[in-house]
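Have a look at the structure, then read on.

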Amino acid sequence: MRRPDPLSHYFPLRFANQAQVTRFAKQCVRCGQVVELPNMSGAVRVLPDRAMVAAKARCPKCSHEFPVTCLITQDKQVMRLHLPNTLLMWYLLATTSAPAPQAPAPAAATVDLQRLQRSEVELAADSVGQFDGQPIPAWIRHAGEQFDFEGVLGKGQQPAQDERVLDGQLLYRRHVLTA
Ligand SMILES: [Zn+2]
């Protein structure tokens, strides 16, 4: 039996409807800290329309370890699976092969793609305020992915890989699925 893999090796998840799930997180059951992929290990079985996840998460703040047993659908819904974590983990490790770690996308090629105009994206109807006389959409959607409003890009600041910039200044960060 192989050992649980770093869960990040399975991401991004790609589904038949072209949806991608790049980030996944779960709140620590003890202290509420958001625990992300780098602090999870386990196994994932990706089917065309859903993925089964069995993992152990370790909270970087309080070191508490807890099981994550869930289903992620191609509509990016996270559902709890009522199965023993150890059983699903055993099953997934026995029936899947170890994933190859994903190579990060070359940074240079993504820089211009991160700067978007309103006409290129789907805008949330909800706004979280005004900036330069324009409403600030709560989120934007681009290429099938949702980005949530994060703040205003500082002078000379470059967006991170999982961020997008709207109107040259409004900073959005890739939506994190939280179970
Ligand atoms: Zn914790």
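Let's start with β8 and strand β9 (residues 78-80), which pair in the antiparallel sense over three bridges. Strands here are DSSP runs of E with at least two residues, numbered from the N terminus, and two of them count as paired if DSSP finds at least two bridges between them. Across this pairing, Leu71 sits opposite Met79 in β9. The two strands make a hairpin with four residues between them, and Lys76 in the turn has a positive phi of about 65°.

Strand β8 (residues 65-73) also pairs with strand β7 (residues 50-58), again in the antiparallel sense, this time over nine bridges. Here Arg58 faces Glu65 in β8. Six residues lie between the strands of this hairpin, where Ser63 takes a positive phi near 65°.

## A word on the model

This is a predicted model: local features need pLDDT of at least 70, side-chain atom pairs count only at pLDDT 80 or more, and totals for chains, interfaces and linings use all residues. Residues are numbered from 1 along each chain as its sequence is written.

## What's packed inside

Which residues touch the most other members of the largest nonpolar core? They are Met40, Val44, Val53, Ala54 and Ala55, out of 22 residues in that core. A nonpolar core is a set of buried Ala, Val, Leu, Ile, Met, Phe, Trp, Tyr and Cys residues joined through C-beta atoms within 7 Å; buried means that 20 or more other C-beta atoms lie within 10 Å of a residue's own, with C-beta atoms placed from the backbone.

The protein splits into domain 1 (5-95) and domain 2 (107-178), with bounds from an automatic or database domain assignment. Their C-alpha centres lie 26 Å apart.

Where they meet, 13 residues of domain 1 are in contact with seven residues of domain 2; contact means C-beta atoms, placed from the backbone, within 7 Å. On the domain 1 side, β3 (20-21) and β4 (24-27) each supply at least two residues, and the largest share, four residues, comes from β4.

Technical notes. Contact = placed C-beta atoms within 7 Å. Buried ≥ 20, exposed ≤ 12 C-beta atoms within 10 Å, placed from the backbone.
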